[in-house]
Amino acid sequence: ALATRFIGVADIASVRFSLPAQLLEPTPNLEYWGYLDRPETFISMADSDDELGRMLAVLRFWFTKDLKYVKGKPCKPYNSTLGEFFRCNWDVEDSGPLTADPLKERPSTSSNSDPKRHVKVSYLTEQTSHHPPVSAFYVDCPEKGIIARGFDQLSAKFTGTSIRVVPGAHNLGIFVTLQSRDNEQYQLTHPAAHLGGFLRGSLSVTVSDICFITCPKTKIKVILHYLEEGWLGRNQHRVDGVVFRYDPENDTKTRIKDVPESDILARLDGSWHGQIFYTIAGSTEKRLLIDISPLWPAPKIIPSTEDQLPNESRMFWAGVTDAIVNKEYSKATQLKQELEERQRQKAADRKAKNEEWQPRFFTGAVTPVGRPELTKDGEEALRGLHEGKYHLEPNAELGA
């Protein structure tokens, strides 16, 4: 029945369909869309003294950022409402580079008796726009001098048997800055994905697309090519890649086969559901970059209920979540519709007064460069999170 809702509709994002509560995952969208499924790969991105080593570490982070799809089932979280926000921490053991740096072994400096150093990674995200639906996010690890930020926005088109999900116009990828490496910046673009299995009733994600990671400062670029359908139509979850020198002023290479052999630093291959290997140029030795198989998403540390504001994701959706967990689906649907109606009403009130909505933690709903900037409130919220001081003043105005 769900599929028939889409037939003939080119762009399901424009439908803004509201699912019945029993088909929803009791998770707020802003909490679901985090990329820190394995924060230890995030904090180790700047560890290598070798620029190729750092790019390989960025790739390690890339392949762990969506464990929720690899290990869990795709689901439909709650649509975020305007001004809704989510924040959390991860407490991560900093054990140095995850594998030996490429091209040089680094002896471990800590003996077994040393207590392991723990660092904190803090995350803040806010729904900054409702039409189109856009959220801004900011990840910060001051101890390691690493930040990541970007806008999440999806555009979805129904293709008959599956939904093709692509980044929206404001989603230019994840921007990582290594402050401890002279502010080296990496841009990681998202590939298109297909959400299938509607007719079987068990959703699955497949990826068959090309995406890029670029670092203008080191002049190193990665092309990743995801290949899906394998022999006899079996999904292989295969990915091939090439790491190479490029010219940021004249960045024309978009396919692996376009890259001249002389520019190649390393090649990548494997399964994004299993093991991924890299081979340094001039060598035939395959080295393990990361094995996804034993990894599961790391737990988040979330402010206590007393410290959460009414427009904080878990608090905002608490009534709906409780109803779904207790299988009171008609009550959940009713509560959800009331929240959505309240948002429509507030939007109508603002329009009548000719008022523009302003996000609280970010300086604007979107930016042309895809990199959100924090407001003073945003900086304070992140600092508080990092220090374990979760108290925030309530919002002056609520979007929903």
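Helices α6 and α7 are roughly antiparallel to each other, a term used for angles over 145 degrees, whereas angles under 35 degrees count as roughly parallel, 65 to 115 as roughly perpendicular and the rest as oblique. The two helices pack at an angle of about 165 degrees, and their axes are 8 Å apart. Axes here are lines fitted to C-alpha atoms, for helices over the stretch in contact, and angles run from 0 to 180 degrees between N-to-C directions. On the side of α6 the contact is made by Gly319, Val320, Ala323 and Ile324, and on the side of α7 by Tyr329, Lys331, Ala332, Leu335, Lys336 and Leu339. Contact means heavy atoms within 4.5 Å.

The model is a predicted one, in which local features need pLDDT of at least 70 and side-chain atom pairs count only at pLDDT 80 or more, while totals for chains, interfaces and linings use all residues. Residues are numbered from 1 along each chain as its sequence is written, and side-chain values use heavy atoms, with hydrogens and water left out.

The secondary structure of the protein comes to eight helices and 16 strands. Helices (H or I, at least four residues) and strands (E, at least two) are DSSP runs, numbered from the N terminus. Of the 400 residues of the protein, 50% count as buried. Buried means under 20% relative accessible area, exposed means over 50%, and partly exposed lies in between (1.4 Å probe, protein chains only). Among contacts with a separation of 6 or more, 64% join residues 24 or more positions apart.

Helix α6 spans residues 318–325, and its buried residues are Val320, Thr321, Ala323 and Ile324. They cover an arc of only 165 degrees around the axis, and therefore lie on the same side of α6; the arc is that of the directions from the helix axis to the C-beta atoms. An α-helix has 3.6 residues a turn, so residues three or four places apart point the same way. What covers the buried residues of α6 includes α7, residues 329–352. Just after α6, Lys327 takes a positive phi of about 60 degrees.

Helix α8 comprises the 12 residues 376–387, which at 1.5 Å a residue should span 16 Å; its end C-alpha atoms are 16 Å apart, in agreement with that value. The expected span is 1.5 Å times one less than the number of residues. Buried in α8 are Gly378, Ala381, Leu382, Gly384, Leu385 and His386. Their cover includes the strands β1 (85–94), β2 (117–129) and β3 (134–141). Arg383 also belongs to α8, but Arg383 is partly exposed, with a relative accessible area of 46%. Arg383 and Pro142 are 241 residues apart in sequence, yet their C-alpha atoms are 9.6 Å apart in space. After the helix comes Gly388, whose phi is positive, near 75 degrees.

Most residues other than glycine have a negative phi, and most peptide bonds are trans. The peptide bond from His131 to Pro132, however, is cis, with omega near -5 degrees, and Pro132 is found in the loop between β2 and β3. Asp182, which is not a glycine, has a positive phi of about 60 degrees. Asp182 lies in the loop between β7 (174–178) and β8 (184–188) and is exposed, with a relative accessible area of 55%. Lys219 likewise has a positive phi, near 60 degrees. The loop that holds Lys219 runs between β11 (210–215) and β12 (220–229), and Lys219 counts as partly exposed at 42% relative accessibility.

His194 is found in strand β9, residues 193–196. Apart from neighbours within four places in sequence, His194 is in contact with Ser162, Ile163, Arg164, Ser204, Val205, Thr206 and Ser208. His194 and Ser208 are 14 residues apart in sequence and 8.1 Å apart in space, C-alpha to C-alpha. Ser271 lies in strand β14, residues 264–271, and counts as buried at 19% relative accessibility. Beyond neighbours within four places in sequence, Ser271 is in contact with Gln236, His237, Arg238 and Ile276. The C-alpha atoms of Ser271 and Asp291, 20 residues apart along the chain, are separated by 9.2 Å.
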